[in-house]
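User: I am new to this structure and would like to learn how to read its features one at a time. Please give the general idea in each case and then show me where it applies.

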Amino acid sequence: MQAPLAEWYDFFVYAFLSVTIARVFFPTGSELSSVLLAVATFGVGFVMRPVGAAVLGAYADRVGRKAALTATIGLMALGTALIALAPTYQAIGVWAPLLVVISRLLQGFSCGGELGGATAILIESAPAQRRGLYASLQLASQDAAFVLGSLVTLVVTTSITPARVEAGGWRWPFLVGVLIVPVGLYIRCRLVEPELFLKSRREVMASPLTEAVKRHARPMLAAVGVSALYVVAPYVLLLYMPTFAVRQLGLPATDALIAGTITGCVSMGLCPIVAVVSDRVGRKPLLLAAALLMAMLTYPAFELLVAYPSTWTVIGVQLATGVLLVMYSGPALALLGELFPTHVRSTAVALAYSLAVAALAGFAQAIVTWLIAATGNGAAPAFYVTGAAVISLAALWNVRDRFREPLR
């Protein structure tokens, strides 16, 4: 499923280039303050995700998955083009960061409706015993976006000098994101609505948003909890790593980009394998095991990074945590989709995921940056991931695994 690549690619590129964006759009005279402003602006996009989930998720449930997914990629393209072409602070002053904020809001609104619609159409199109595998294509697209984003950023930052990157080279990865859009639009225009959805649309008249919030409140709450680790771990363990490598480990950002690229490739390969296993043994056993291991091992992993900062250590830690992340994320999307009936599936999944993102992951990079500064402990980001793992473990404990049941 190539089209989600366009949405996630742009989010990842912004995270990879947050240190450069801090200098170009948020010059404060303090490196810490500039980085905090840049990663906080990254988080602003997540504030719009619940809004996008409510609007675009309901649109997908009422009008069609295809129409909603086509809208999301168009909005993302607009946001990406805006940041790619935005004048810098030096050129137009405070209007420059304002343009960045607007672009992030557009991107956040778009991504808010993306995951619910994509998950819904994938599991509704899947054979009964392959829903985990089909749903995992969404995660594979995210991994592909991560790999492409890290590779493009790596090529740009290693092929020209840091001064030229700051002078305008940072724009190229975002322009590449704009070029992906026509391919994504072509693919989405060829999508076919699942028969299960078409039947549900004929029968249901109530508002999907009202239905999801009022009649499915308990599974919605459980879905938010299950999503906690799914949304926090990637943004701390993968997207924050280039910033962490530069500011805390004293390593070149390219080291973290190389490690992230390797991890993304491994994750893409493991994702369908884990999903197939979940189709056979269930989603819940894999999710519980992965969340427990993440809670136990994240802090030792960060202590290892701080004690032995090197490219190989970063690669080893990211690979280990990446495997656990795939073990959790691979079955998670299918489990979330199976919690809800078809007529509210897109709205409910999108809203639950977006609420978790807005509450826990949107400002994760800003929070862990502050945690390190406040505690003086370089391993402090692990506290945030461990907390998310505990939340997800508690939510999973009471979730019913519906992997053998037909979709409602």
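User: How many aromatic pairs does the structure hold?

Analyst: This is a predicted model, and it holds six aromatic pairs. To classify such a pair, one looks at the angle between the ring planes, and an angle over 60 degrees counts as edge-to-face. The rings of Phe-25 and Trp-170 have centres 5.4 Å apart and planes at 80 degrees, so this pair is edge-to-face.

User: Where in the chain do Phe-25 and Trp-170 lie?

Analyst: Phe-25 belongs to helix H2 (residues 18–25), while Trp-170 sits in the loop between helix H9 (162–169) and helix H10 (171–189). The two are 145 residues apart, and the pair thus links distant parts of the chain. Trp-170 also forms an edge-to-face pair with Phe-174, at 6.1 Å centre to centre and 80 degrees between the planes. Phe-25, Trp-170 and Phe-174 form one aromatic cluster.

User: Are Phe-25, Trp-170 and Phe-174 buried or exposed?

Analyst: A residue is called buried when its relative accessible area is under 20%. Phe-25 has a value of 1% and is therefore buried. Trp-170 is buried as well, with a relative accessible area of 1%, and Phe-174 counts as buried at 1%.

User: At what angle do the axes of helix H8 and helix H15 cross?

Analyst: The axes of H8 (residues 131–159) and H15 (residues 253–281) come within 8 Å and cross at roughly 170 degrees. Crossing angles over 145 degrees count as roughly antiparallel, so H8 is roughly antiparallel to H15. Their contact comprises 16 nonpolar, twelve polar and three charged residues.

User: Which residues are closest to the centre of the largest pocket?

Analyst: The largest pocket has a volume of about 390 Å³. Its lining has 18 residues, of which Val-19, Thr-20, Arg-23, Thr-157 and Ala-253 are the closest to the centre. H2, H8, H9, helix H14 (241–247) and H15 are the elements that give two or more residues to this lining. By class, the lining has eleven nonpolar, five polar and two charged residues.

User: Which helix gives the largest share of the lining of the second largest pocket?

Analyst: The second largest pocket has a volume of about 300 Å³, and 14 residues line it, with Arg-218, Pro-219, Ala-222, Asn-398 and Val-399 closest to its centre. Helix H13 (217–239) and helix H20 (381–397) each supply at least two lining residues; the largest share, four residues, comes from H13. The lining of this pocket divides into seven nonpolar, two polar and five charged residues.

Conventions:
Residues numbered from 1 in each chain as written. Predicted model: local features only at pLDDT ≥ 70, side-chain atom pairs only at ≥ 80, totals over all residues. Heavy atoms only, no water. Axes fitted to C-alpha atoms, helices over the stretch in contact; angles between N-to-C directions. Parallel < 35°, antiparallel > 145°, perpendicular 65-115°, else oblique. Nonpolar A, V, L, I, M, F, W, Y, C, P; charged D, E, K, R; others polar. Phe/Tyr/Trp six-rings, centres within 6.5 Å; stacked < 30°, edge-to-face > 60°. Buried < 20%, exposed > 50% of the residue type's maximum accessible area, 1.4 Å probe, protein only. 1 Å grid on protein atoms, 1.4 Å probe; cavity = no way out; pocket = protein on both sides within 12 Å on 5 of 7 lines; lining within 4 Å. Points joined across faces, edges and corners; volume = space filled by probe spheres on them.
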